[in-house]
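Hi,

Here is the structure I promised to pass on.

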Amino acid sequence: MASRLATNNQRIIIDQTSKLGTRLMSSWWQGIQPAAKDPILGVSEAFLADPSPDKVNVGVGAYRDDNGKPVVLECVREAERRIAGNQNMEYLPMGGSVKMVEETLKLAYGENSDFIKDKRIAAVQALSGTGACRLFADFQKRFRPESQIYIPVPTWSNHHNIWRDANVPQRVFHYYHPETKGLDFAALMDDVKNSPNGSFFLLHACAHNPTGVDPTEEQWREISYQFKVKGHFPFFDMAYQGFASGDPERDAKSIRIFLEDGHLIGCAQSYAKNMGLYGQRVGCLSVLCEDEKQAVAVKSQLQQLARPMYSNPPVHGALIVSAILSSPDLKSLWLKEVKVMADRIIGMRTSLKENLEKLGSPLSWEHVTNQIGMFCYSGMTPEQVDRLTSEYHIYMTRNGRISMAGVTTGNVGYLANAINEVTKSA
Amino acid sequence: MRPQTHSSSSSTDRRLNSLLRHLQNNSNSIIMDSQTTIISSSPTSAFNTNHSVFANIPQGPEDPILGVTVAYNKDPSPIKLNLGVGAYRTEEGKPLVLDVVRRAEQIILNDRSRVKEYLPITGLPDFNKFSAKLIFGNDSPAIQENRIVTVQCLSGTGSLRVGAEFLARHYHERTIYIPQPTWGNHPKVFTIAGLSVKYYRYYDPTTRGLDFQGLLEDLRSAPSGAIVLLHACAHNPTGVDPTLEQWEQIRQLMRSRGLLPFFDSAYQGFASGNLDADAQSVRIFVADGGECFAAQSYAKNMGLYGERVGALSIVCKSTDVASRVESQLKLVIRPMYSNPPIHGASIVATILKDRNMFSEWTVELKAMADRIISMRQQLFDALRARGTPGDWSHIIKQIGMFTFTGLNTEQVKFMTKEYHIYMTSDGRISMAGLSSRTVPHLADAIHAAVTRVA
């Protein structure tokens with residue numbers, strides 16, 4: 001009753017003043033320009049809006065099964081069943097789930113890593129790979145304000161946004177060789193050598209996004225060696241561990257090489273793809289330190305950056321990851337399922353290449369099977385991509401990146417034909 | 001270099017051994033030669049595997065609020081009481097997951113068609129729609145006129161941060177006025193986003209109520225266009241809220257000075273037990289047709305704390321403006337975390353859009369609010385019964401989860417040391433952490449602190 005009376009009184013007062021209010025006030029936001037759509041996520045939006053029955057989405061890097069359907073891993077479903085109803089939803093600590101972080105470090109640094117035993121790794125749960133990179137960028141800005149970040153060309157477009165918003169100046173280094181559609185190793189090494197000592201470099205640990213081009217093990221060793229000579233800081237973004245070769249240990253090889261060489265690395269890990277936990281936003285940021293004391297200090301500072309961003313990270317995804325990685329049956333199921341996903345993609349690469357060759361394409365498509373991971377850098381131009389979309393309802397990012405996860409036995413023929421049509425007179 | 005034997009297992013030895021193994025095992029002779037050369041002969045080389053670029057980083061301070069729980073957890077005393085973090089506890093002192101939340105979770109779990117794909121950058125659309133209705137009212141003209149943009153964010157903190165970043169980029173005024181005192185994380189959020197923080201008078205220690213005149217004076221002297229942070233209800237940490245009449249005066253003053261309202265609504269439903277009543281402050285601002293920001297959190301009122309569910313709404317003059325604003329909000333969010341977490345928002349959407357579940361929620365919410373109100377009364381009665389010196393009526397006048405006791409830092413320290421009571425050093429206690437069983441212990445502690453510590 002009291003609140004109703006109050007509302008009536010309000011209404012009287014408001015009627016008198018609201019006219020005044022609306023007349024005098026124009027929008028504070030009148031001058032705001034519409035922002036450009038995100039080049040990757042905008043693709044899915046456009047795909048969803050397309051009514052054509054033939055449409056194919058090879059845009060965003062989210063795994064699809066051979067029916068083109070998103071997949072929730074069985075190990076995830078089982079983990080959810082096990083945790084349902086058992087947990088309260090209290091705040092995690094600022095640094096996130098300790099258990100999840102411990103298990104996650106084992107994946108990157110090795111099951112029996114001395115660094116973990118010696119507590120030398122400062123690590124916090126982060127909002128998937130994006131959140132981990134952003135926390136690191138903010139941390140880098142705060143504690144090494146004079147530093148810049150060297151980013152490979154090309155890279156995931158959001159990397160540029162992340163370091164820009166953290167106000168860390170960016171430089172680029174050579175990576176992709178358009179002529180070979182492989183690694184421009186010589187130019188990469190030149191850039192590493194010619195950059196100022198102690199530069200910060202962003203490296204994709206495996207399954208480079210968007211090109212799918214990874215250094216060989218030998219090349220990684222040389223890069224690591226040169227990094228030691230220059231005293232560079234290696235920051236690894238590992239978003240596809242397990243997804244590249246099907247074997248998480250193998251996919252972490254680059255990181256292990258650097259660790260053996262004594263580098264004090266930084267590392268962003270994501271469970272979005274390899275556990276299919278996309279929307280849960282689960283990941284981890286770690287920084288390897290000289291000793292435990294330093295790790296404690298660094299972790300505390302990472303937490304200081306998380307607090308004014310989101311206070312503490314979301315619990316649900318972390319519970320799933322912990323349940324899976326700490327139960328031997330679920331972990332072994334997960335490893336099987338990751339291999340299935342990776343194998344299907346490898347199979348689709350082979351199939352796409354064979355289809356293009358069968359169509360008599362004048363171009364070489366070796367790179368389709370040479371490249372690794374979720375993406376294929378087709379080498380198509382933006383104009384060719386636009387034709388694929390407008391004429392064939394095929395959606396991909398304009399840099400010619402094909403998400404192989406979106407290719408199925410059902411659409412690979414259609415896709416190959418369309419690609420051949422737009423490229424054969426190139 | 002001669003290989004070391006593995007007699008010692010210290011971490012330094014392990015590192016050296018690993019480095020040695022690498023040098024000896026490296027089969028590429030060219031590289032190994034130059035490596036060896038560099039290591040042994042170049043004292044000025046940039047190479048130093050053992051030196052961290054972050055070597056000089058100092059230990060960060062413990063968060064004053066979350067640090068209370070850390071300290072509490074370390075205390076072995078069986079009579080310890082955690083009145084620090086504002087997380088609801090039952091009479092048994094246990095965290096509570098609402099029944100309706102468990103039901104929503106089951107629905108989500110059993111729906112095999114649900115996937116865990118990325119949400120859009122702006123979050124779950126249903127969640128956004130129903131969150132806006134919750135705070136602005138189902139019949140809000142601003143909603144009907146399609147001029148509110150709502151984006152899902154990471155609870156209250158995330159909503160404030162995204163809003164602050166947007167303001168720092170697009171608004172002509174860089175100053176935000178926040179109440180004295182306020183939630184400890186507020187100044188950090190706004191400062192890191194690039195705004196400069198000023199304070200307006202709010203709490204009057206002599207009355208333990210609102211310093212209304214001081215508030216009006218400070219807002220009157222704020223530069224035109226300045227941003228003003230307002231706690232929608234259940235002010236944190238004081239529990240002191242303006243009356244509706246006072247809110248109306250604040251509104252008129254702010255509109256006449258062109259001040260931009262930024263509401264933080266973390267306790268809707270928790271303050272009075274009534275969702276609409278607790279949103280009145282926000283609604284009178286929206287009713288006058290002007291623009292404002294509102295950050296919402298479901299941490300407390302749905303008990304979803306760790307799921308990090310919240311929403312930022314920006315009420316704009318027109319649909320066109322709202323759509324442009326939304327596009328710019330995406331540019332803030334994408335480089336921060338790309339898109340928000342799906343689980344908590346799905347729970348909220350499931351509850352808000354089902355009439356029965358919504359109704360169940362209001363009942364459970366009222367029960368939590370009522371328990372807190374009852375704790376206030378019990379504590380007040382207990383202090384009166386002990387004849388504790390001072391006027392303790394503020395305990396029952398203040399509203400929401402927190403009571404600003406008026407105890408000073410020395411008294412707080414004393415209570416922690418002698419009575420194992422954990423609270424923030426500003427004298428704020430979370431009423432949600434109290435139970436009928438523990439009220440006497442707290443009353444004893446307050447009594448002792450007030451009579452023995454200056």
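Let me start with a loop in chain B: P237(B) is found between strand 7 (227-231) and helix 10 (244-257) of chain B. Helices (H or I, at least four residues) and strands (E, at least two) are DSSP runs here, numbered from the N terminus. The peptide bond that joins N236(B) to P237(B) is cis, with omega about 20°. Chain B also has a cis peptide bond between Q180(B) and P181(B), where omega is about 0°. P181(B) sits in the loop between strand 3 (175-180) and helix 8 (185-193) of chain B.

Some housekeeping before the rest. This is a predicted model, in which local features need pLDDT of at least 70 and side-chain atom pairs count only at pLDDT 80 or more, while totals for chains, interfaces and linings use all residues. Residues are numbered from 1 along each chain as its sequence is written, chains are lettered from A and ligands numbered from 1 in the order in which they are written, and side-chain values use heavy atoms, with hydrogens and water left out.

On confidence (pLDDT is the predictor's confidence in each residue, from 0 to 100): chain A has a mean pLDDT of 92, and 94% of its residues reach 70 or more. Over residues 1-24 of chain A, though, the pLDDT is below 50, and this stretch has 18 contacts in the model beyond near neighbours in sequence. A contact means heavy atoms within 4.5 Å.

Now the sheet in chain A. It is an open one of 7 strands in the order 2-10-9-8-7-3-4, with mixed pairing. Two strands pair if DSSP finds at least two bridges between them. Strand 2 (121-126) and strand 4 (170-174) of chain A are the edge strands, each pairing on one side only. Neighbouring strands of this sheet are turned by 25° against each other on average, direction ignored. Inside the sheet, strand 3 (residues 149-153) and strand 7 (residues 200-204) of chain A pair in the parallel sense over 2 bridges, and Y150(A) stands opposite F201(A) in strand 7 of chain A.

Helix 6 (residues 128-143) of chain A lies across strands 2, 3, 7, 8 (233-238), 9 (266-270) and 10 (283-288) of chain A, and runs at about 160° to strand 9 of chain A. For that angle, axes are lines fitted to C-alpha atoms, for helices over the stretch in contact, and angles run from 0 to 180 degrees between N-to-C directions.

K181(A) is in the loop between strand 5 (176-177) and strand 6 (182-183) of chain A. It is partly exposed, with a relative accessible area of 22%; buried means under 20%, exposed over 50%, and partly exposed in between (1.4 Å probe, protein chains only).

Chain B has a counterpart to compare. R308(B) has a phi near 60°, also a positive value in a residue other than glycine, but R308(B) counts as buried at 2% relative accessibility. R308(B) lies in the loop between strand 9 and strand 10 of chain B.

Those two strands run antiparallel and are joined by 6 bridges, strand 10 covering residues 310-315. S297(B) has G310(B) as its bridge partner in strand 10 of chain B. Strand 9 (residues 292-297) of chain B also pairs with strand 8 (residues 260-265), in the parallel sense over 4 bridges, and F263(B) stands opposite A294(B). Which residues point each way from strand 9 of chain B? C292(B), A294(B) and Q296(B) point one way, F293(B), A295(B) and S297(B) the other, and all are buried.

C292(B) turns up again as one of the residues that V286(B) touches, along with F136(B), S140(B), A142(B) and V315(B), not counting residues up to four places away in sequence. V286(B) lies in helix 12 (residues 280-287) of chain B and counts as buried, at 7% relative accessibility.

Finally, helix 7 (residues 155-170) of chain B has 14 of its 16 residues buried, so it is largely enclosed by the rest of the structure.

Cheers
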